[in-house]
Amino acid sequence: MVFGRVLHMAVHEEFMAGRRPSSARLRPLTKLGGDEWGTLGEVLHLSRIPYEELRGRD
C-alpha cells in the first residue's frame, strides 16, 4: 500500500464536470497486484453534512 500527498494535479477540460474532475469521464484504473487491476463500479453521490450541523450534535 502506498500513501502520499498530492502536490499538483492537471486535468484536461474535457474530463471536467463543472469545477471538479469527472470520474465517469476519467475512467480511472488501479493496479491491485499481480495481474489484477481495478476500475470504478457504481459511483454513489452522497451530500455532505454541513460542518455547522455537525457542531450542533455535541
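How much space lies in the largest pocket? The points below come to this after the overall layout of the model.

1. The structure is a predicted model, and its secondary structure comes to two helices and four strands. Read from the N terminus, these elements follow the order β-β-α-β-β-α. The radius of gyration is 16 Å, well over the 10 Å that the globule rule gives for 58 residues, so the protein is more spread out than a compact globule.

2. As for overall dimensions, the C-alpha trace spans about 50 × 30 × 30 Å along the principal axes of the protein.

3. On exposure, buried residues, meaning those under 20% relative accessible area, make up 3% of the 58 residues in the protein. The accessible surface comes to about 6,400 Å², and carbon and sulfur atoms account for 53% of that surface.

4. To return to the opening question, the largest pocket holds about 240 Å³ of space. Its lining is made up of R20, P21, S22, S23, A24, R27, P28, L29, T39, L40, V43 and H45.

Terms used
Residues numbered from 1 in each chain as written. Predicted model: local features only at pLDDT ≥ 70, side-chain atom pairs only at ≥ 80, totals over all residues. Heavy atoms only, no water. Rg over C-alpha atoms; globule rule 2.2 N^0.38 Å. Buried < 20%, exposed > 50% of the residue type's maximum accessible area, 1.4 Å probe, protein only. Areas by Shrake-Rupley, 256 points an atom, 1.4 Å probe, with all protein chains shown as cover. 1 Å grid on protein atoms, 1.4 Å probe; cavity = no way out; pocket = protein on both sides within 12 Å on 5 of 7 lines; lining within 4 Å. Points joined across faces, edges and corners; volume = space filled by probe spheres on them.
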